[in-house]
Amino acid sequence: MNPFVHKTLVVQLLAPGTGRCPVLAHLGYAADDPFAVTAAFAHDGRVLACWRLDREMLSAGLAGPVGMGDVRLRPQGSGPCHELRMEFFGDSRPDGSRHRAVVLAWAPAVAAFLRETHQVVPPGHERVDVDELLAEILSGAE
């Protein structure tokens with residue numbers, strides 16, 4: 001079985017004043033990092049942003065609102081127009097607000113991607129080599 005899952009989706013970036021702008025979302029999952037999903041957003045061959053998302057949170061966001069920090073997810077719409085609304089918060093601005101991006105993805109496509117990840121590592125069966133993780137953390141300590 002392939003320990004990797006990759007899916008490219010066309011998603012909509014909500015741009016102030018212009019409405020929806022289509023961008024590509026490259027979703028990736030690897031069995032050796034079983035709790036995380038990477039999401040790289042690209043347009044015209046340039047990567048606009050890359051985020052590491054919690055796989056369980058991504059799944060929960062399809063059913064209801066989740067997240068309180070830099071990433072917030074929630075379902076939006078219903079029926080064939082059911083979307084996953086993803087809000088990403090970045091660095092602070094001089095006025096005290098934060099940079100923010102809102103992306104809408106077709107929820108059934110995200111759910112299909114998650115089902116593929118569950119075939120690689122079923123929920124509840126994620127394992128992390130703690131010794132390796134600690135060695136990696138401590139190797140960065142000065």
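These legends walk through several close-up views of a predicted model.

**About the model.** Residues are numbered from 1 along each chain as its sequence is written, side-chain values use heavy atoms, and hydrogens and water are left out. Because this is a predicted model, local features need pLDDT of at least 70 and side-chain atom pairs count only at pLDDT 80 or more, while totals for chains, interfaces and linings use all residues.

**View 1. Confidence along the chain.** The predictor's confidence in each residue is called pLDDT and runs from 0 to 100. Its mean over the chain is 88, and 89% of the residues reach 70 or more. Helices (H or I, at least four residues) and strands (E, at least two) are DSSP runs, numbered from the N terminus.

View 2. Seven strands form an open sheet in the order 4-3-2-1-7-6-5, with antiparallel pairing; two strands pair if DSSP finds at least two bridges between them. Strand 4 (46-54) and strand 5 are the edge strands, each pairing on one side only. From one strand to the next, the twist averages 30°. Helix 2 (residues 107-120) packs on the sheet and touches strand 1 (4-15), strand 2 (19-30), strand 3, strand 6 and strand 7 (98-106); touching here is contact, meaning heavy atoms within 4.5 Å. The direction of helix 2 makes about 155° with that of strand 1. Axes are lines fitted to C-alpha atoms, for helices over the stretch in contact, and angles run from 0 to 180 degrees between N-to-C directions.

View 3. Strand 3 (residues 36-43) and strand 4 run antiparallel, joined by eight bridges. Look for F41, whose bridge partner in strand 4 is A49, and for T38, which has R52 as its partner there. Two residues lie between the strands of this hairpin, and D44 takes a positive phi near 55°.

**View 4. Around E87.** E87 counts as buried because its relative accessibility is 14% (buried means under 20% relative accessible area, exposed over 50%, partly exposed in between, with a 1.4 Å probe and protein chains only). Leaving aside neighbours within four places in sequence, E87 is in contact with D70, V71, R72, R74, R100, A101 and V102.
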